[in-house]
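Dear colleague,

Please find the structure below for your review.

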Amino acid sequence: MQEFDRTTFDLGVAEQVLDAQPFSRLLKTRITSFGDGAAVLELDIREELQQQNGFLHGGVLAYAADNSLTFAAGSALGPAVLTAGFSIQYMRPARGRTLLARAEVVHAGRRQAVARCDLVCVDDDGTETLCAVAQGTVLNTVGS
């Protein structure tokens, strides 16, 4: 894995990190905002990502939450981070054109950060609907 300097961990480097994840490439995920303890990931809602009732699969929502929480925490802790755990609450079926996963650090120390994420579906007309929320703890792995 490529090493990244914490002081230069910006949106461009975050895009490289995301692109280095084969699963993120498979889902065609984009990182559209990164820094200052926050990150936004987005992906297009496509038929192959839906469950049998035509809604975005909960596993895709969980992936987006996990990854956006970790990117947000990485912007505070540095690039060497891993998710320690997270929980997600599904509030309504996810449908629309695009999924946005907006994560923000609520507390960061030297070794870990706690972040929350709103998962929002955007319709063709730009209407946003909150479909799930998540919270997680991310650990700095430097020196582990």
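The largest cavity has a volume of about 30 Å³, and the count comes to 1 cavity of 30 Å³ or more. A cavity here is a set of points on a 1 Å grid, over the protein atoms alone, where a 1.4 Å probe fits but cannot get out; points are joined across faces, edges and corners, and the volume is the space filled by probe spheres set on them.

This is a predicted model, in which local features need pLDDT of at least 70 and side-chain atom pairs count only at pLDDT 80 or more, while totals for chains, interfaces and linings use all residues. Residues are numbered from 1 along each chain as its sequence is written, and side-chain values use heavy atoms, without hydrogens and water.

The lining of the largest cavity (residues with an atom within 4 Å of a point) consists of T29, L41, E42, L43, Y63, A64, L99 and A101. β2 gives the most to this lining, with 3 residues; strands are DSSP runs of E, at least two residues, and helices runs of H or I, at least four, numbered from the N terminus.

The largest nonpolar core has 40 residues, of which L56, L61, F71, L99, C117 and L119 touch the most other members. Such a core joins buried (under 20% relative accessible area, 1.4 Å probe, protein chains only) Ala, Val, Leu, Ile, Met, Phe, Trp, Tyr and Cys residues through side-chain atoms within 4.5 Å. The largest share of this core, 10 residues, comes from α3. Beyond its neighbours within four places in sequence, F71 is in contact (heavy atoms within 4.5 Å) with A14, V17, L18, Q21, I31, F34, A39 and L41.

Kind regards

Note on methods. Buried < 20%, exposed > 50% of the residue type's maximum accessible area, 1.4 Å probe, protein only. 1 Å grid on protein atoms, 1.4 Å probe; cavity = no way out; pocket = protein on both sides within 12 Å on 5 of 7 lines; lining within 4 Å.
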